[in-house]
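Good morning, everyone, and thank you for making the time.

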Amino acid sequence: MWTEEAGATAEAQESGIRNKSSSSSQIPVVGVVTEDDEAQDVFKPMDLNRVIKLLEETDKDGLEEKQLKFVKKLVQCYQNGLPLRDLAQIFKILNLCSGKIKNQPRFIESAYDIIKLCGLPFLKKKVSDEITYAEDTANSIALLGDLMKIPSSELRIQICKCIVDFYHAEPPKKHIPGYQQASSSYKIQMAEVGGLAKTMVQSMTLLENQLVEKLWVLKVLQHLSTSEVNCTIMMKAQAASGICTHLNDPDPSGQLLFRSSEILWNLLEKSSKEEVIQQLSNLECLLALKEVFKNLFMRGFSHYDRQLRNDILVITTIIAQNPEAPMIECGFTKDLILFATFNEVKSQNLLVKGLKLSNSYEDFELKKLLFNVIVILCKDLPTVQLLIDGKVILALFTYVKKPEKQKIIDWSAAQHEELQLHAIATLSSVAPLLIEEYMSCQGNARVLAFLEWCESEDPFFSHGNSFHGTGGRGNKFAQMRYSLRLLRAVVYLEDETVNKDLCEKGTIQQMIGIFKNIISKPNEKEEAIVLEIQSDILLILSGLCENHIQRKEIFGTEGVDIVLHVMKTDPRKLQSGLGYNVLLFSTLDSIWCCILGCYPSEDYFLEKEGIFLLLDLLALNQKKFCNLILGIMVEFCDNPKTAAHVNAWQGKKDQTAASLLIKLWRKEEKELGVKRDKNGKIIDFENLPGLSAEDFVTLCIIHRYLDFKIQATHKQRELANKSWEDFLARTSNAKTLKVPSGGVVTVESTPARLVGGPLVDTDIALKKLPIRGGALQRVKAVKIVDAPKKSIPT
């Protein structure tokens, strides 16, 4: 506090050997030159305690003049710097002066002069002084923030100048024997410890209509916000929302907006990003940001204005990541979509009427930032309708074509390539949400045509000098990579209308063709990019072919060939980190989705030793692949030709498939921690906590589950055999036919599905019997009738 009643910070002490709790004595720092002594150039010590006591006195004639005179002498004494050991007393004097200002305005000058001294270097006599007087120094500097409450423009500005000088340390004007300057960062560190940033943030509320003082405070906060400690303090003091809501305050200089955006950026970067976003995610802040951005977008023509506009958009993009931010409610989302698409889609909106972007660096960056903010905004589902209204899909698709000279903006070749890749990447996020618009824009046809160009020999020199252009210098891999990502995103919606349209347009054949073309032209330089392209192709094929036999047939032997090609990859490459693991996963997925269930493809896969390759992969003993491979093997075992291939496989050291599977079982047991006794019996199934008596009974049943299944199977076989014997007896055993029956029946011909046809071998017939629950199916051809057609004599 700046009032007299608030007192000062702890008194500093002066003696030959000083500690914090002792009283001070006279300390000669720099002699005070009086009128009498000036000619003789004699320096006398300054008694700070005497000054303090004098300022504490009241109700004496001529006291004010005497007090002002002594303060003036103090200022003269310390005109070359403030010793750390004297700071506590000097700031107590400052606090006493500030407390008198309300009733004695002349003390403003005294307070002003002392504050000005604070901008001078701090001096230390001993190396340890910085540690010894750290608390005094921190408390003294913190007082500067409290003094901002004094309603004096002159004083406030001087406080701000003093703090800014902390960051621009200068050497003492005159060398003081026995003293040296404190380290250049000492004041900054002590400002952090004392929490100066908090009081400076709070002072903003006192300066609503005082632009000059407000700009100085912002300058101070801009310097303070270069520190993570200060940013955390400022964030807790609600600096972000307090500064953001005043972005549109009148300011002919433009400094308010510049300094405010810099502070906001530092807060986001150096303190809790989530908490700062939360502070800014309110209607008032977003309306302020919206108006600032709109004004800069429409009327900012200087290099500086465009940079500032882009900074505001970056801050907005970060806030938009919070789904609770009222971006739609304040109208910001609608404006951003308009600004992002007005070059590509004609609009009659007055905000963009006659507006043009240049090919300057700032406008180019703006375009990319606008694409990026669309990706962020589309995560909020209510934004979807605004994206539809803004024709975002159509705007983005203007870039999905082979390069040509732009009619609206003359982007350079490198700029256009980067925007093209960015637009396709944006489509990957937006198109799945707007699939009807994607289809109405002939999205599938556009992407497939663009992929044809990517694969063509059409001369094209790619710059590959951007994030999205990585690995694409001098080739079209970057364009192919992002187009396939888009196609994959669309396919995995599992929208049958979309996938059917793709298949009708020959996508399966085109994907296989691209894959084979890549295989024929190996490119080790861009190996990681090529592997990603191959993985995406296989995932697209899997998405299209899954559960569709006709599409699996189209995949056919050519598709099986590319799968086998990947499976023959040197296993050592799986550890390269380039993406072979991902490619192998995609390959195994394509076996499941594109081959299994299509018998010609299965047979071709077997003929080409596909089962051998699967078992080779299984033998690598990589857990991440085992489950998928075993699942594929199980499905393949429905094919009667598979068993021979499994039995014929031999691994290293003549390992068989059976021994491999047993080895995998044992490994799984070990990983699960299954325990066995000396005879090999599993002994820890019962060691389960929290089971009741009834639970243990159920557990015993679970133990005997396989026994129950083995008994059920035997019983089913017995019933089947008995049923067959009964059937034969009723149809071919003369003795049985003579047995009296209870009624008259009509017997039609025995169904061929039971006996397998005329003169069929009875063993074969038995194999073909359909069994349900251990008995024959009921035959509808045998029925009871009320009256006989031809009776059998009893």
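Which residues does C97 touch, if we do not count those up to four places away in sequence? Before I answer, please keep in mind that this is a predicted model. The residues that C97 touches under that condition are L55, V71, F107, S110, A111 and I114. C97 itself is placed in helix 3, which covers residues 87-100, and because its relative accessible area is 0%, under the 20% cut-off, C97 counts as buried.

Let me now step back to the whole chain. The protein chain has 794 residues, of which 47% are buried, and its secondary structure comes to 39 helices and 9 strands. Among the contacts with a separation of 6 or more, 75% are between residues 24 or more positions apart. The accessible surface comes to about 42,000 Å², and 54% of that surface belongs to carbon and sulfur atoms.

What about the interior? In soluble globular proteins, nonpolar side chains tend to be buried together. Here the largest nonpolar core has 216 residues, and the members that touch the most other members are L144, M200, L221, L541, I591, L614 and F636. Helix 27, residues 527-545, gives this core its largest share, namely 10 residues. If we take F636 as an example and again leave out residues up to four places away in sequence, F636 touches I591, I595, L596, E602, F605, L606, I611, L614 and T642.

Helix 16, residues 303-320, has 18 residues and reaches 26 Å from its first C-alpha to its last, which is close to the 26 Å expected at 1.5 Å a residue. Its buried residues include L308, I312, L313, I315, I318 and I319, but also R306, R309 and N310. The cover over the buried residues of helix 16 includes helix 13, helix 14, helix 15, helix 17 and helix 18.

Helix 26, residues 507-520, can be described in a similar way. With 14 residues at 1.5 Å a residue it should span 20 Å, and its end C-alpha atoms are 20 Å apart, so the two values agree. Among its buried residues are I508, M511, I512, I514, F515 and I518, and the buried residues of helix 26 pack against helix 23, helix 24, helix 25, helix 27 and helix 28.

Now to the aromatic rings, where the structure holds 12 aromatic pairs. The rings of F293 and F339 have centres 5.9 Å apart and planes at 65°, and because an angle over 60 degrees counts as edge-to-face, that is how this pair is classed. The pair links distant parts of the chain, since F293 belongs to helix 15 and F339 to helix 17, 46 residues apart. F339 also pairs with F297, and this second pair is stacked, with 4.1 Å centre to centre and 25° between the planes. F297 in helix 15 and F339 in helix 17 are 42 residues apart. F297 is buried at a relative accessible area of 4%, and F339 is buried at 0%.

The charged end of K73 sits over the ring of F70, 5.2 Å from its centre, and R485 lies over the face of Y482, at 4.8 Å from the ring centre.

I will finish with the backbone. Most residues other than glycine have a negative phi. Q238, however, is not a glycine and has a positive phi of about 65°; its place is in the loop between helix 11 and helix 12, and at 44% relative accessibility Q238 counts as partly exposed. N547 is another such case, with a positive phi near 65°. N547 is placed in the loop between helix 27 and helix 28, and at 69% relative accessibility it counts as exposed.

Note on methods. Residues are numbered from 1 along each chain as its sequence is written. This is a predicted model: local features need pLDDT of at least 70, side-chain atom pairs count only at pLDDT 80 or more; totals for chains, interfaces and linings use all residues. Side-chain values use heavy atoms; hydrogens and water are left out. Helices (H or I, at least four residues) and strands (E, at least two) are DSSP runs, numbered from the N terminus. The expected span of a helix is 1.5 Å times one less than its number of residues. Buried means under 20% relative accessible area, exposed over 50%, partly exposed in between (1.4 Å probe, protein chains only). Contact means heavy atoms within 4.5 Å. Rings of Phe, Tyr and Trp (its six-membered ring) pair if their centres lie within 6.5 Å; planes under 30 degrees apart count as stacked, over 60 as edge-to-face and the rest as tilted. A charge sits over a ring if NZ of Lys or CZ of Arg is within 6 Å of the ring centre and within 35 degrees of the ring normal. Accessible areas come from the Shrake-Rupley method with a 1.4 Å probe; for residues, only the protein chains shown count as cover. A nonpolar core is a set of buried Ala, Val, Leu, Ile, Met, Phe, Trp, Tyr and Cys residues joined through side-chain atoms within 4.5 Å.
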